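The entries follow in the order of my look-ups.

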Amino acid sequence: MTVSEYIVLWVGGLLTLMIFSFLYKDNPFYKFAEHLFVGVSAAYWMVVAFWTTLIPNMMGYFFPGILGKIATNPQEAEMVMSAITDLPMYARLLRIVPLIFGLFMLTRLLPKGAWLSRWAMAFIIGFSAGTNLTRFLQSDFVAQIKSTLIPLIVINNGSFDFIASMSNIVIVFGVIAALIYFFFSKEHKGWFGKTAKSGIWILMVAFGAAFGYTVMARISLLIGRMSFLGTWIDSIF
Amino acid sequence: MANKETNFVDRMQKLDRRVIFVLIWLAVVIPMLMKLEFPVRPSPVVEGIFDKVESLPSGSIVLMSFDYGPATVPENEPMGDALLYHCMLKNHKVYIMALWPTGEAEANRAIERVITNKFLDKRYGKDYIQLGFKAGNQGLINAIYSDLKGMYTTDAAGVDINTFAMMKDVNKLTDFDIILGVCSGRPGLKEWVQFAGDRGNIPVAGGVTAVEAPLLYPYYPSQLLGLMGGLQGAAELQAALGNKYPEYTEYVKASAGSVNAVRNMGPQTIAHLVIIFFVVIGNIGFFIQQRRKKQERVGL
Amino acid sequence: MRREIPLLITFIIGTALVMAMFIPHKPFPQLDSEFSIWFDIIAVFAFILGGGNLLRVHVDRITRNHEDKNYSYVTIIGFLFMLIIGLFKVGGDPGLTGNYIAEGTWFKVMYDAVFTPLSSTMFSLLAFFVASASYRAFRAKTPEATVLLIAAFIILVGRTPLGHYLTFWLPDWLSFFHIPNLSAWIMATPNLAGQRAIMIGIALGIVSTSLKLILGIERSYLGSEK
């Protein structure tokens with residue numbers, strides 16, 4: 001192991017123990033690690049956003065030379081610069097629009113100019129609404145209804161398949177019953193209420209399954225951390 | 001006697017949570033030290049992924065997206081490893097990318113573990129390529145859907161994309177035979193289904209963390225060919241691979257850290273049992289308290 | 001005009017993107033990818049806003065002599081240090097060339113030594129809390145809660161090799177009740193039905209909210225200020 005690998009292992013191990021110390025009770029070591037995490041992670045995402053979005057997708061369009069200066073090798077420099085300079089001028093200058101919107105976003109910090117940030121928010125909202133409307137309609141609505149149109153009587157190799165038929169019946173009527181439960185424009189009484197009640201049962205099974213999987217996920221992450229601590233302790237002896 | 005019982009039950013109900021923490025810690029650490037391992041059997045939902053990758057003709061074009069970070073390495077790393085190993089075994093051409101900035105580093109580690117160390121005959125640019133991370137989330141999927149080379153003008157190392165033989169006939173997402181996602185959160189497998197799979201009728205499969213897995217079941221099997229959920233899902237794919245290719249089992253056994261999902265199922269199993277035990281004990285104590293309260297109300 | 005222009009922007013962008021789904025000809029597909037990039041650029045400014053706000057909050061704590069002001073120093077120093085070494089690619093190739101997170105850069109070292117262990121450990125703490133919460137709060141008070149518990153038990157046992165050992169002895173005609181099979185059936189049938197209903201409900205909600213936003217019926221994002 002190199003010196004820097006040792007440093008990484010030891011710093012990582014100590015910080016891990018500081019976070020775990022919270023399990024005993026809140027203490028200055030945990031608070032130190034927690035506050036360090038907040039600062040470091042905020043800066044990490046800012047740096048990533050700067051180098052992967054702001055420079056190549058905005059500053060590089062105005063000043064392609066920047067992309068040439070930060071390229072790994074002369075061939076890449078030539079490639080990325082010509083990819084930009086080959087574009088029509090209007091396509092490059094159009095990137096002023098998100099720059100202006102971005103600056104408008106920063107006006108939120110000002111006492112008087114904050115109304116300008118609404119323009120940036122409007123773009124974000126419009127983009128999210130426009131994209132989500134079609135995608136969710138296609139994948140999470142139409143495709144889901146199509147997947148629910150399944151045979152209630154399943155014949156396999158010429159004979160009635162009880163398990164497959166029962167499963168399909170549970171899926172079809174389960175989806176309908178759970179959807180009826182979420183329909184609050186009609187009072188849940190009579191046959192409607194009974195169907196909504198059976199929808200609750202289906203949802204409870206789904207939530208139980210989700211709980212089981214959540215427990216599994218958390219334990220897996222703990223196993224990973226214990227494995228790391230084991231590697232750290234191994235390096236000591 | 002009743003007093004003894006009620007005092008014990010009350011004490012159990014008010015048990016200091018640090019005792020529970022210690023028991024959970026022991027439930028994980030002791031099996032790890034004992035290297036407790038159980039055989040794992042693949043389930044149909046994971047076999048769907050194995051069968052699809054296995055049945056693709058040799059040399060098929062596979063897109064693998066590493067969309068996770070260090071926080072979910074224990075769950076996602078064995079998935080990515082197993083999928084990459086399987087693709088290399090079947091001589092598929094693997095195009096590696098990432099929707100997460102942290103995904104590129106994870107992909108590089110998988111490439112080093114699997115391809116550089118085990119598949120010495122595989123050539124970069126001919127059998128696999130690392131396209132790397134590009135910002136954009138689902139916008140990136142949108143962009144490469146119609147023009148992959150427009151977004152990826154170079155590979156992750158900055159080399160002109162057109163210099164690689166395997167990029168010659170690959171121009172958009174619909175040129176791929178399958179998309180395999182190793183994902184955790186957003187953007188992830190759901191976005192691959194919504195923006196690529198459903199839109200272009202491209203087969204999609206992959207693995208997600210156990211927290212997300214139940215939410216993606218509605219996509220199975222028409223929109224998702226198969227789904228690995230958490231560590232168990234990864235272990236099942238490793239078991240399916242190992243059953244067909246024993247050399248893979250040897251590779252996994254020799255791997256350090258989180259790669260061996262089958263081995264990590266040992267502490268996982270014990271921890272699950274401990275949690276079930278806690279819930280049962282908690283409920284028994286609750287019912288005893290409820291019965292006691294009822295008796296006090298009745299005046300017995 | 002302060003409220004009308006944002007509404008117009010939302011309408012134009014939203015409508016263009018919906019039309020891009022149905023019109024595969026220029027300029028609509030290009031609009032789709034161009035707007036995605038604009039969205040990401042504006043998101044970067046949102047990050048800058050967030051970072052600026054973080055600094056403001058912690059500097060405020062220091063100047064007001066808050067009891068935890070020493071920890072605010074830790075946050076600010078960690079933030080500024082990570083920002084500077086990342087923006088200037090300290091330790092990397094000379095002259096700002098190369099990858100910002102290449103091996104050998106200080107940014108990569110901080111990522112491996114600080115960011116990775118801290119984020120992984122924060123997540124893994126949840127294992128302890130989920131166990132504690134299960135013991136203290138998970139009660140079969142109603143028949144519905146009992147069903148939830150039983151489903152969770154079957155999944156917890158069935159998703160481990162132990163599930164196989166408990167019921168492997170069952171005859172073939174009872175194989176449905178073999179715990180791993182039962183667990184797989186629960187996931188692929190009632191769980192699928194419940195999650196599908198939730199997914200359809202959410203999709204309907206998103207579609208209706210998106211329509212209301214695009215058409216300007218829903219204006220809460222503009223705030224209450226005139």
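**Entry 1: the C–B interface.** I began with the area buried between chain C and chain B, which comes to about 4100 Å² in this predicted model. Carbon and sulfur atoms give 68% of that area. Buried area here is the accessible area (1.4 Å probe) that two parts lose on being put together, summed over both. The size of an interface is often given in this way, as accessible area lost when the parts come together.

I then listed contacts, meaning heavy atoms within 4.5 Å. On the C side 41 residues take part, and they touch 49 residues of chain B.

**Conventions.** I noted that residues are numbered from 1 along each chain as its sequence is written, that chains are lettered from A and ligands numbered from 1 in the order in which they are written, and that side-chain values use heavy atoms, with hydrogens and water left out. The model is predicted, and local features need pLDDT of at least 70, side-chain atom pairs count only at pLDDT 80 or more, while totals for chains, interfaces and linings use all residues.

Entry 2: How many salt bridges cross the interface of chain C and chain B? The rule finds one. I used a side-chain nitrogen of Lys or Arg within 4 Å of a carboxyl oxygen of Asp or Glu as the criterion. The partners are B:Glu236 and C:Arg159, at 3.2 Å from N to O.

Polar contacts came next. They are pairs of N or O atoms within 3.5 Å; within protein, one must be able to donate a hydrogen and the other to accept it, and residues adjacent in sequence count only if both atoms are side-chain atoms. Between chain C and chain B I count eleven residue pairs in polar contact, both residues at pLDDT 80 or more.

Which elements supply the C side? Those giving two or more residues are α2 (28–63), α4 (106–137), α5 (143–158), α6 (162–167), α7 (179–188) and α8 (190–214) of chain C. Helices (H or I, at least four residues) and strands (E, at least two) are DSSP runs, numbered from the N terminus. The largest share is that of α4(C), with 14 residues.

By type, the C side divides into 22 nonpolar, twelve polar and seven charged residues. Ala, Val, Leu, Ile, Met, Phe, Trp, Tyr, Cys and Pro count as nonpolar, Asp, Glu, Lys and Arg as charged, and the others, Gly among them, as polar.

**Entry 3: salt bridges overall.** The whole structure holds 19 salt bridges over all chains. I looked at B:Lys90 and B:Glu54, whose closest N and O atoms are 3.7 Å apart. B:Lys90 sits in the loop between α4 (73–89) and β2 (93–98) of chain B and B:Glu54 in helix α3 (residues 44–55), so the pair ties together parts 36 residues apart in sequence.

I checked burial too: buried means under 20% relative accessible area, exposed over 50%, partly exposed in between (1.4 Å probe, protein chains only). B:Lys90 is buried at 19%, and B:Glu54 is buried at 14%.

C:Glu103 and C:Lys108 also pair, at 3.3 Å. Here C:Glu103 is exposed at 66%, while C:Lys108 is buried at 12%. Shared partners join B:Glu77, B:Asp81, B:Glu106, B:Arg109 and B:Arg113 into one salt-bridge network.

**Entry 4: C:Glu144.** This residue lies in helix α5 of chain C. Buried or exposed? C:Glu144 is buried, at 16% relative accessibility. Its side chain makes a polar contact of 2.9 Å with that of A:Lys197. Beyond neighbours within four places in sequence, C:Glu144 also touches A:Ile200, A:Trp201 and A:Met204.

**Entry 5: cores.** A nonpolar core is a set of buried Ala, Val, Leu, Ile, Met, Phe, Trp, Tyr and Cys residues joined through side-chain atoms within 4.5 Å. The largest has 181 residues, and B:Tyr95, B:Leu173, B:Leu180 and B:Trp192 touch the most other members. Helix α9 (residues 190–236) of chain A gives the largest share, 16 residues. I found a second, separate core of 36 residues, including A:Phe127 and C:Tyr221.

**Entry 6: chain B.** I logged twelve helices and six strands. Of its 300 residues, 62% are buried.
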